[in-house]
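Trainee: I am new to this structure and would like a close look at one part of it. Please take a single sheet and then what surrounds it.

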Protein chains: 2
Amino acid sequence: MCLVRQGFNLVITHGNGPQVGNILLKNEAAANMLPVMPLDVCVADSQGSIGYIIQQAMLNHLRAAGIRRYVVTMITQVVVDKNDPAFKKPTKPVGPFFDQRRATELMLEKKWAMIEDSDRGFRRVVPSPKPLKVIQRYMIRDLAQAGHIVIAVGGGGIPIWKKENSEYEGIEAVVDKDAASAVLAREMETDHFIILTEVPCVFLNYGKPDQTPVRQMTLTEARKYSEEKQFGVGSMAPKIEAAIDFVAASSREALITSAESLASAMENKEGTRIVPDAVQARKTELF
Amino acid sequence: MCLVRQGFNLVITHGNGPQVGNILLKNEAAANMLPVMPLDVCVADSQGSIGYIIQQAMLNHLRAAGIRRYVVTMITQVVVDKNDPAFKKPTKPVGPFFDQRRATELMLEKKWAMIEDSDRGFRRVVPSPKPLKVIQRYMIRDLAQAGHIVIAVGGGGIPIWKKENSEYEGIEAVVDKDAASAVLAREMETDHFIILTEVPCVFLNYGKPDQTPVRQMTLTEARKYSEEKQFGVGSMAPKIEAAIDFVAASSREALITSAESLASAMENKEGTRIVPDAVQARKTELF
């Protein structure tokens, strides 16, 4: 809301892990009477309901604050490459745990890839290909520029690829939400790219005795830390990679902070900024 | 597609009966392990997945035809009146059939209204209040006017009402899709309001030996036939009422036809037009 008060145009993105997980669980619970929906359709479902809940909450906040702006969720498709190496090696576990009998059935019937979890049984794994393009980028930009608040690429977007006949087709995969958000921000040429997470800023040696908060890193520094595996796989690492992607493409800054620290991070008092290398150089020149 | 080729800006609405029915079935199938989602959230889910499937299909048609226009689904809330008489008398059956034990449980726990179907058990009934306003009307209009194709008010929209503190709140109800579409068309001041259904045009005495196709009716005629209960409850009747609502408010025409007959109906060779009374009068003057 502090961004809205400051007059920013706003596009909001979000994850969908727990929600699409529940949708997959429900699919399985009803598998004896209803067709199991493919994963792309389940992602679309989750964009609908999560988006609705966010837009309803924001609408009420805006009305309470007397701000006459509207919020809408756009069901968003994200294009991935059919030749992405991720399709050769599905790694992302999704949905319920299965016993061996049902797992074998699903592997045969639906050609699902499965991994075994020593304690809890079998679980489906799907590819997580790199997002290339957001189909609705122009619509999202047009609405946001008109002052409307847009919720988009929920859960990283619905992954689609181009078939040989050049038609788009939904695929059973998941796209990383941070990566998809960076692609959208880049395509829309947004001035700011902000990733909200649990922590107020990025730390080096996170969770260790010598944990150090980072207030600013250049693109080169961020890449170096990233290569050093400074950041948690599946938590901070994809956020840093998304920030690197945006900053490298746009020469603008990315900000990583928590929802609680956002207002003060916008005043440059908290959070971590990932900045183009040139900015750092310019600052150095001042001395 | 014929409308797109002719250069019309387009907003598409749709129902969600079978899809939201399946979502409710899945909810019930997983009720022992996951919370049952309220109906407004299920409608949002269905807007997401149905919208995705429509927008993907249209995107492919547009690309095949070399038309550079984009399609997006907007998750849409529709405001209803807390004092709508429908809330006193829920009439719309939704979701699975329950045995007596589970039905009693749900009536007690969730305060659901239930009706008994002699053969198949108990079924939940929900109110179907009149739609008053589409929250996203300005966004839908702005995008459509920019040439984008918008899918909106799916399943009649997610019903919300104003609580006493003036906050909006989702409610467990369904809104008629034809009625919601008419409200949106009226609010957007669209030039055309087209309802696609199974039959190429409206009939009087439908299904009887003296069944007669109607190519045009004035507002007054449509109201008269409607009062005479000429049209099927839950099928043609709500479409005629929606057409009446739009024509009365806009003084423009409404068209009822089938998808197959649309192209020829746009050339006034098929379909049924509901026209303002003045149009009829003007035509008569010519002779």
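In which sense do β14(B) and strand β16 of chain B pair, and over how many bridges?

Mentor: The model is a predicted one. In it, β14(B) pairs with β16(B), residues 272–275, in the parallel sense, and three bridges join the two strands. One pair of residues to look for is Thr218(B), which stands opposite Val275(B) of β16(B).

These two strands belong to an open sheet of four strands in chain B, ordered β11-β15-β16-β14, and the pairing across the sheet is mixed. The edges are held by β11 (193–197) and β14 (216–218) of chain B; each has a single partner strand, so one side of each has no neighbour in the sheet. Direction ignored, neighbouring strands of this sheet are turned against each other by 20° on average.

A helix of chain B, α7 (residues 219–227), packs on this sheet and touches both β14 and β16 of chain B. The direction of α7(B) makes about 90° with that of β14(B).

Helix α8 of chain B, residues 236–250, packs with α7(B) at an angle of about 150°, and the two axes are 10 Å apart. The cut-off for roughly antiparallel is an angle over 145 degrees, and α7(B) and α8(B) are therefore roughly antiparallel to each other. Their crossing is left-handed. On the α7(B) side the contact is made by Leu219(B), Ala222(B), Arg223(B) and Ser226(B), and on the α8(B) side by Ile240(B), Glu241(B), Ile244(B), Val247(B) and Ala248(B). Sorted by class, this contact of α7(B) with α8(B) has six nonpolar residues, one polar and two charged.

Helix α5 (residues 137–145) and helix α6 (residues 177–188) of chain B have axes that come within 10 Å and cross at roughly 65°. That makes α5(B) roughly perpendicular to α6(B), and the crossing is right-handed. Arg137(B), Ile140(B), Arg141(B) and Ala144(B) of α5(B) make the contact with Leu184(B), Glu187(B) and Met188(B) of α6(B). Of the residues in the contact of α5(B) with α6(B), four are nonpolar, none is polar and three are charged.

Helix α2 (residues 17–29) and helix α3 (residues 39–64) of chain B pack at about 125°, with 9 Å between their axes. The two helices are therefore oblique to each other, and α2(B) passes α3(B) in a right-handed crossing. From α2(B), the contact takes in Gln19(B), Val20(B), Ile23(B), Leu24(B) and Asn27(B); from α3(B), it takes in Leu39(B), Cys42(B), Val43(B), Asp45(B), Ser46(B) and Ile50(B). The residues of this contact of α2(B) with α3(B) divide into seven nonpolar, three polar and one charged.

Last, a word on charged pairs. Side chains of opposite charge can pair when their charged atoms come close. Over all chains, the structure holds 26 salt bridges. One of them is in chain A, where Asp178(A) forms a salt bridge with Lys239(A), with the closest N and O atoms 3.1 Å apart. Asp178(A) lies in helix α6 (residues 177–188) of chain A and Lys239(A) in helix α8 (residues 236–250) of chain A, so the pair ties together parts that are 61 residues apart in sequence.

Technical notes:
Residues numbered from 1 in each chain as written. Chains lettered and ligands numbered in written order. Predicted model: local features only at pLDDT ≥ 70, side-chain atom pairs only at ≥ 80, totals over all residues. Heavy atoms only, no water. Pairing = 2+ DSSP bridges. Axes fitted to C-alpha atoms, helices over the stretch in contact; angles between N-to-C directions. Contact = heavy atoms within 4.5 Å. Parallel < 35°, antiparallel > 145°, perpendicular 65-115°, else oblique. Left-handed = near helix turned anticlockwise from the far one by under 90°. Nonpolar A, V, L, I, M, F, W, Y, C, P; charged D, E, K, R; others polar. Salt bridge = Lys/Arg side-chain N within 4 Å of Asp/Glu carboxyl O.
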